[in-house]
Amino acid sequence: INRLVNFINTATAEVIEANAEVMEANATLSRMAITDRLTKLYNRGEIQRRITERIEAKKEAPDGENATSIIMIDLDDFKHINDTYGHQEGDQVLMRVSDLIQQRVQGLNTDASAGRWGGEEFMVLLSDEGKQRATKIAERFRESFAALQFPHGEKITISLGVTEMLIGEGADRPCIRVDGALYEAKNSGR
């Protein structure tokens, strides 16, 4: 009986260990599926999913509650960095920017998410923040970015767009609106 009990205990421990390894592998795969490989921020699919999820939650909230804003960030003249210093330097710039975005998002006293929207564009989702506060947060992003030093010595600037999600609209409208605000910033001097 003791040998049988030992066998069962050993087999059970092996199954538990194998399950833990499988669960850890699944967690790793899940993170990889929603994370941009270079920047370690959410990928576009995940940040877009979060925006859609927030809009759906907002539809059920009473008018005026659960303000939600998004900030779109774009590196100005980023092609110049890649063309002049190479894509490896461009990748370093993107990683520094994403680190700064992640630090700023984690420092907020709000439920916020950040993701790489594409190329040199980033999106920050600010739950429970109206446009006025989101604009102040965007300005702090800009100031923090302006203080960054890059090895090649060139000054890199960013342009930002801010919008607040409106009750009853779909996920595409605020994304179109924030993109328009971003390009308005670019056209008015960056």
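What you're looking at is a predicted model, where local features need a pLDDT of at least 70, side-chain atom pairs count only at pLDDT 80 or more, and totals for chains, interfaces and linings use all residues. Residues are numbered from 1 along each chain as its sequence is written, and side-chain values use heavy atoms, with hydrogens and water left out.

Let's begin with the overall build. The protein has 6 helices and 4 strands; here helices (H or I, at least four residues) and strands (E, at least two) are DSSP runs, numbered from the N terminus. Read from the N terminus on, the order is α-α-β-α-α-β-β-α-β-α. The radius of gyration, taken over C-alpha atoms, is 22 Å, well over the 16 Å that the globule rule gives for 190 residues, so the protein is more spread out than a compact globule. That rule is 2.2 Å times the number of residues to the power 0.38. Along its principal axes, the C-alpha trace spans about 80 × 50 × 25 Å.

Of the 190 residues, 39% are buried, where buried means under 20% relative accessible area, exposed means over 50%, and partly exposed lies in between (1.4 Å probe, protein chains only).

Next, zoom in on helix α3, which covers residues 78-85. Its buried residues are Phe 78, Ile 81 and Asn 82. They cover an arc of only 95 degrees around the axis, which puts them on the same side of α3; the arc is that of the directions from the helix axis to the C-beta atoms. Turn to the other side of α3 and you'll find Lys 79 and Asp 83 exposed. What do the buried residues of α3 pack against? Their partners are β1 (68-75) and α4 (87-106). Just after α3 comes Gly 86, which takes a positive phi of about 100 degrees.

Helix α4 holds our last stop, Ser 98. Is Ser 98 buried or exposed? Ser 98 is buried, with a relative accessible area of 1%. Leaving aside residues up to four places away in sequence, Ser 98 touches Thr 39, Leu 41 and Phe 122.

Definitions and conventions
Contact means heavy atoms within 4.5 Å.
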